[in-house]
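Please look over the sequence and the structure shown here before reading on. The report then takes up a few features in turn.

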Amino acid sequence: MAKGEPSKNQYYYLRHPEGGGHLGDISSMTLSNVTHRRPLIAANWKMNKTSAETEVFIRAFLSNFPQGLGSDVVLCTPFTSLEKAHQLLNGTEVHLGAQNLNENKAGATTGEVSGAMLVAAGCRYVIIGHSE
């Protein structure tokens with residue numbers, strides 16, 4: 001392993017160079033070593049559930065969700081369900097995530113979504129660099 005190269009057992013996250021940062025500024029974020037991070041449990045819904053099905057599922061999920069779990073829990077819904085999911089998850093211990101992100105702030109990229117759009121939709125997390 002080369003000097004400065006991460007080991008398999010290290011966890012990393014994106015950090016804005018000025019601190020704080022948000023999904024709309026990913027072009028200026030850097031990879032940083034994380035220590036003492038809470039466990040993260042994320043569910044990627046892939047291409048499943050309409051907005052109506054999302055509402056039924058989240059209501060049932062929240063009614064059975066254990067309080068004080070000790071982990072960050074994230075539901076990554078399809079883009080078409082983000083608004084409904086945000087309405088239902090807002091104020092709970094479960095966070096909203098998106099399934100993809102385009103690095104551009106805006107532009108002629110059909111079907112893509114920017115970080116600013118995801119933040120406006122209520123997302124706190126996004127899956128980047130995944131494969132099927």
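The sections below cover the sheet, the core and the cysteines of this predicted model.

Four strands make up an open sheet in the order 3-4-5-6, and their pairing is parallel. Strand 3 (40–44) and strand 6 (125–126) are at the edges; each has a single partner strand, so one side of each lacks a neighbour in the sheet.

Strand 5 (residues 94–98) pairs with strand 6 in the parallel sense, over 2 bridges. A98 has V126 in strand 6 as its bridge partner. Helix 2 (residues 82–89) lies across strand 4 (72–76) and strand 5, and runs at about 165° to strand 5.

## The nonpolar core

The largest nonpolar core has 18 residues, of which I58 and L118 touch the most other members. At least two residues of this core come from each of strand 4, helix 2 and strand 5. Helix 2 gives the largest share, 4 residues.

Leaving aside residues up to four places away in sequence, I58 touches W45, L75, A85, L88 and L89.

## The cysteines

How many disulfides does the structure hold? There are 0 disulfides. For C76, the closest cysteine sulfur is that of C123, and the two sulfurs are 7.9 Å apart, too far for a bond; a disulfide would need them within 2.5 Å.

C76 counts as buried because its relative accessibility is 2%. C123 has a relative accessibility of 8%, so C123 counts as buried too.

Conventions:
Residues numbered from 1 in each chain as written. Predicted model: local features only at pLDDT ≥ 70, side-chain atom pairs only at ≥ 80, totals over all residues. Heavy atoms only, no water. Pairing = 2+ DSSP bridges. Contact = heavy atoms within 4.5 Å. Axes fitted to C-alpha atoms, helices over the stretch in contact; angles between N-to-C directions. Core = buried A, V, L, I, M, F, W, Y, C linked by side-chain atoms within 4.5 Å. Buried < 20%, exposed > 50% of the residue type's maximum accessible area, 1.4 Å probe, protein only.
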